[in-house]
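Please find below a colleague's note on one model. The points are numbered so that each can be checked separately against the coordinates.

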Amino acid sequence: INLTIHEGEKLAVVGLNGAGKTTLIKLICGLYTPSSGKIFVGGHEIDEYNREAYYSMISALFQTSYILPISIAENIAVCEKEGIDQAKLDAVIRLSGLTEKIQALPEKTDTPINKSIHANGIELSGGEAQKLLFARALYKDAPLLVLDEPTSALDPEMVGEVLSVMRDLANEGLTMLVVTHEMAFARDVSNHVVFMRDGVIWEEGSPQQIFVDPQREETRDFLSRFMER
């Protein structure tokens with residue numbers, strides 16, 4: 001694989017199951033070590049960074065993420081109440097589309113999650129939980145936002161809501177790397193698309209090049225299945 005991601009870019013990684021998409025982003029995140037080849041960030045090989053310093057540059061939302069039985073604010077900031085930056089908390093709640101939901105709650109961001117543990121707790125719908133996870137990733141304020149199939153477990157209505165949030169995030173100047181099966185994001189929000197097949201980059205280019213004028217028959221075959229989803 002030979003891939004360059006520029007600052008501020010919105011990269012969509014697409015391909016059928018088993019193509020290597022999640023493996024690619026875990027390599028980029030430093031969770032896997034490449035058996036050969038090198039990965040550079042800002043001109044420096046990632047091994048040159050202190051591991052915690054490297055992780056601090058990435059906000060990642062993988063397919064398995066957890067909402068804790070603590071308050072909304074603590075879930076987003078991932079720290080105790082006393083250490084929360086309220087201005088930053090308000091900003092990420094707005095960006096993630098949770099403002100209306102939270103304002104309707106008597107205890108606002110102090111509302112605990114999980115009714116079985118807290119008498120005054122709430123349960124979040126799938127779409128609301130995904131928005132809270134977006135807010136958590138944004139609160140970290142890292143320069144690279146990595147999302148692995150962020151709409152995979154949602155029904156069509158919730159997918160529309162989350163895609164709207166992703167469009168807003170794309171306008172924030174973040175560098176985004178999204179593994180997705182959603183044509184709407186890959187075609188309308190990203191400005192760089194990678195089509196993976198059998199562990200290699202099969203085709204790469206702008207959304208126009210990939211979705212309108214693909215060069216390879218394999219890409220056209222993939223797109224016919226992609227558009228059926």
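Predicted model: local features only at pLDDT ≥ 70, side-chain atom pairs only at ≥ 80, totals over all residues.

1. Residues are numbered from 1 along each chain as its sequence is written, and side-chain values use heavy atoms, with hydrogens and water left out.

2. Three salt bridges are present in the structure, the criterion being a side-chain nitrogen of Lys or Arg within 4 Å of a carboxyl oxygen of Asp or Glu. In one of them, Asp110 pairs with Lys81, with 3.5 Å between the closest N and O atoms. The two residues are 29 apart in the chain: Asp110 is in the loop between α5 (99-103) and α6 (126-139), and Lys81 is in the loop between α3 (72-77) and α4 (86-95). Helices (H or I, at least four residues) and strands (E, at least two) are DSSP runs, numbered from the N terminus.

3. Accessibility is classed as buried (under 20% relative accessible area), exposed (over 50%) or partly exposed (in between), with a 1.4 Å probe and protein chains only. Asp110 is partly exposed at 36%, and Lys81 is partly exposed at 48%. Asp85, in the loop between α3 and α4, is partly exposed at 37%.

4. Another salt bridge joins the side chains of Lys101 and Glu128, at 3.6 Å from N to O. Because Lys101 belongs to helix α5 and Glu128 to helix α6, this pair ties together parts 27 residues apart in sequence. Lys101 is partly exposed, with a relative accessible area of 28%.

5. Arg197 and Asp198 also form a salt bridge, their closest N and O atoms lying 3.7 Å apart. Arg197 is partly exposed at 31%, whereas Asp198 is exposed at 63%. The charged end of Arg197 also sits over the ring of Trp202, 5.2 Å from the ring centre. The rule for such a contact is NZ of Lys or CZ of Arg within 6 Å of the ring centre and within 35 degrees of the ring normal. Lys88 is likewise placed over the face of Tyr139, at 4.8 Å from the ring centre.

6. How many aromatic pairs are counted? The count is one aromatic pair. Rings of Phe, Tyr and Trp (its six-membered ring) pair if their centres lie within 6.5 Å, with planes under 30 degrees apart called stacked, over 60 edge-to-face and the rest tilted. The rings of Tyr49 and Tyr54 have centres 5.8 Å apart and planes at 45°, so the pair is tilted. Tyr49 is partly exposed at 24%, while Tyr54 is buried at 6%.

7. The largest pocket has a volume of about 900 Å³. On a 1 Å grid over the protein atoms alone, a pocket is an open set of points with protein on both sides within 12 Å along at least five of seven lines, and lining residues have an atom within 4 Å of a point. Of the 29 lining residues, Leu3, Ile5, Ile28, Ile39 and Phe40 are the closest to the pocket centre. The elements giving two or more residues to the lining are α1 (21-28) and β2 (40-41), and α1 gives the most, with four residues.

Note on methods: 1 Å grid on protein atoms, 1.4 Å probe; cavity = no way out; pocket = protein on both sides within 12 Å on 5 of 7 lines; lining within 4 Å. Points joined across faces, edges and corners; volume = space filled by probe spheres on them.
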